[in-house]
Amino acid sequence: MTTTAPPTPATSGTGRAPLAPAAPTTAAAVVLRPVPSGAARTTGGFWHERQDANRRQAIRTGYEKLESAGNLQNLRIAAGTATGEVRGPIFMDSDVYKWLEAAGWEHGREPDAELLGWIREVTAVVAAAQAEDGYLDSVQQVRGGGARYVDLPWSHEHYCAGHLFQAAVAVRRGTGETGLLDVAVKLADHLVATFGPGGLEEVDGHPVVETGLVELYRETGTRAYLDLASWFVDARGHGVIARHGKEPTYFSDRVPVREATSPEGHAVRAVYLTAGAADVAAETADAQLLDALVRQWEGMLASKTYVTGGIGSRWDFEQFGDHHELGPDRAYAESCAAIGSVQWSWRMLLATGEARYADLVERTLYNAFLPGVSLAGTEYFYVNPLQLRAGAHTDEERSPAHGRRPWFDCACCPPNVMRTLSSLDAYLATTSADGVQLHQFATGTVRADVAGGVELAVSTDYPWDGTVRVEVREPGAGEWELALRVPGWAEGATATAAGEPVEALAGGYLRVRRSWSAGDVVELVLPMGVRVVEADPRVDAVRGAVAVERGPLVYCVEQPDLPVGLLADDVRVRVAELRGASAEHRPDLLGGVSVLRLPVHRALGAAEGPLYRPAGDEAPRAAEEGTVTVPAIPYYAWANREVGPMRVWLPRA
């Protein structure tokens with residue numbers, strides 16, 4: 001495949017593209033550009049602790065799981081270096097690639113000889129399995145008898161390829177080595193030669209190849225990869241999947257991307273597709289496509305997103321439900337879907353510069369992504385409901401009544417969590433022609449190629465405390481703008497720059513433009529009072545209930561914190577009482593959390609009387625006992641002590 005003279009990726013000063021999962025080229029139609037991991041990084045505090053657990057525990061455990069679960073052995077069988085039957089789902093290779101991506105980003109954050117050795121070892125296993133013409137899919141090569149693309153709606157052949165492309169870019173940017181990139185390029189060239197106009201006019205049932213192809217274009221400059229990604233995006237919604245006798249909604253193939261008003265079908269598939277489409281829109285300066293994605297994102301946020309930021313309300317086929325179908329106890333809210341949502345919102349932020357996208361990234365990271373991994377970093381939820389009832393039956397592996405699991409037969413979520421935490425630094429900050437923007441708050445440093453080079457030191461105890469302090473260590477030359485996101489929930493935020501008050505309006509950015517001096521400080525103070533929220537009344541499942549938030553966190557009531565005889569199922573609240581709830585930081589609890597002291601009431605007679613009764617008969621079930629004060633914990637931390645009743649939505653007394 002010929003490499004043309006492309007628009008080059010904005011480099012990090014090493015001559016390579018930035019250490020970031022999405023690195024738009026210099027010609028891309030974006031407003032903001034990522035400050036890569038390494039140039040922006042956490043050095044302490046909340047997210048740094050999670051990244052440290054990911055590095056020390058999860059990635060190393062993941063390497064062992066890939067061996068014991070058969071993922072690596074499948075590749076060896078395909079290569080002819082081992083014998084036997086391949087194991088697991090047809091997309092087993094994708095778990096290897098997501099792990100490699102995590103390892104690549106992690107090595108880029110801080111070099112690690114052992115990690116690099118594993119990357120080289122696994123890369124060699126992958127390379128050995130690749131066919132001479134570039135095709136690569138171990139399960140299909142063995143179990144499918146070598147047949148290719150005969151059931152593309154379900155075979156995940158492009159899905160595995162997309163994750164390989166993302167892994168190859170991560171390893172190249174994180175280590176400088178090109179072994180995995182060579183494998184990816186060979187496979188991408190095969191796809192270009194096989195698919196698109198004049199070839200196989202088919203699309204994979206599970207998007208992600210689009211994102212992978214665009215990032216591979218950004219890394220290599222091969223325009224054909226971008227062109228194929230663009231074709232895959234526009235080919236959907238025209239009956240391609242239906243020709244195979246499949247129901248198109250599930251596969252995001254019912255409506256063309258440019259005409260859709262909200263994502264539908266399988267939640268992970270849907271948001272992986274929109275993330276890839278956002279990359280295509282950026283690199284092709286396609287304003288019409290971007291407008292369609294804005295419309296879809298708004299539609300998702302308006303009626304298909306949980307208060308946690310989670311998406312996907314149906315266990316049945318892991319799908320988005322209908323508008324306002326957001327029941328808490330049967331919420332699917334898959335961990336992978338939260339990750340896909342973050343990827344999409346981040347790309348929309350780069351394209352538009354609008355704070356609302358960073359707001360959803362924040363909500364999703366804290367409340368939909370983070371619950372998917374234990375505090376130790378080595379066990380995972382596949383499904384993230386907002387309520388677990390007393391006596392919940394552990395009917396299958398994914399059931400949260402099991403608690404978090406070290407791995408799954410369908411292990412898409414664990415390595416997905418790993419790669420997200422390893423690349424998290426890249427979501428903290430961006431640059432523009434005007435200056436530097438901070439979108440997510442974490443103690444750390446930010447270096448940016450603005451005004452001749454600037455360096456910032458960020459200190460904060462967020463999310464427990466609302467003060468974010470930014471010190472200019474290297475001021476650069478001349479005027480430039482420092483911008484800090486003020487979350488949409490932060491009405492009443494205040495700020496100072498060099499001791500002087502500045503405006504900090506919720507839902508936008510605090511902006512200070514000046515010539516800076518070393519030691520200058522901008523301080524943003526976000527209000528951290530308790531907020532009580534209710535859902536649109538069309539969300540029938542939680543009508544008459546409220547949720548409690550503080551800062552960026554959604555809270556829940558969990559059984560271990562309740563007095564004997566009071567089930568989480570039977571908690572009732574009064575809004576006026578909740579608004580006066582106090583917060584207490586507990587460094588001894590759940591790795592250190594701020595708990596809320598909530599006044600609640602006990603519903604009496606829960607086990608008495610018929611299940612259904614005449615309207616207006618309020619005795620005895622509706623009777624309540626007096627107030628008892630109980631702790632509420634951040635939702636992300638539930639099920640780290642024991643697995644039992646829990647609820648986010650609290651019915652009104």
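How many helices and strands does the secondary structure of the protein come to?

1. The secondary structure comes to 16 helices and 22 strands; helices (H or I, at least four residues) and strands (E, at least two) are DSSP runs, numbered from the N terminus. This is a predicted model, in which local features need pLDDT of at least 70 and side-chain atom pairs count only at pLDDT 80 or more, while totals for chains, interfaces and linings use all residues. Residues are numbered from 1 along each chain as its sequence is written, and side-chain values use heavy atoms, without hydrogens and water.

2. With 653 residues, a compact globule would have a radius of gyration near 26 Å, and the 25 Å of the protein agrees with that. The radius is taken over C-alpha atoms, and the globule rule is 2.2 Å times the number of residues to the power 0.38.

3. Of the 653 residues, 62% count as buried, meaning under 20% relative accessible area (1.4 Å probe, protein chains only).

4. Five strands form an open sheet in the order 1-4-5-9-12, with mixed pairing; two strands pair if DSSP finds at least two bridges between them. Strand 1 (33-34) and strand 12 (508-515) are at the edges with a single partner strand each, so one side of each has no neighbour in the sheet.

5. Helix 14 (residues 355-369) packs on this sheet and touches strand 9 (479-486) and strand 12, a contact being heavy atoms within 4.5 Å. The direction of helix 14 makes about 50° with that of strand 9; axes are lines fitted to C-alpha atoms, for helices over the stretch in contact, and angles run from 0 to 180 degrees between N-to-C directions.

6. Strand 4 (residues 429-431) pairs with strand 5 (residues 435-438) in the antiparallel sense over three bridges. In this pair, alanine 429 stands opposite leucine 438.

Definitions and conventions. Buried < 20%, exposed > 50% of the residue type's maximum accessible area, 1.4 Å probe, protein only.
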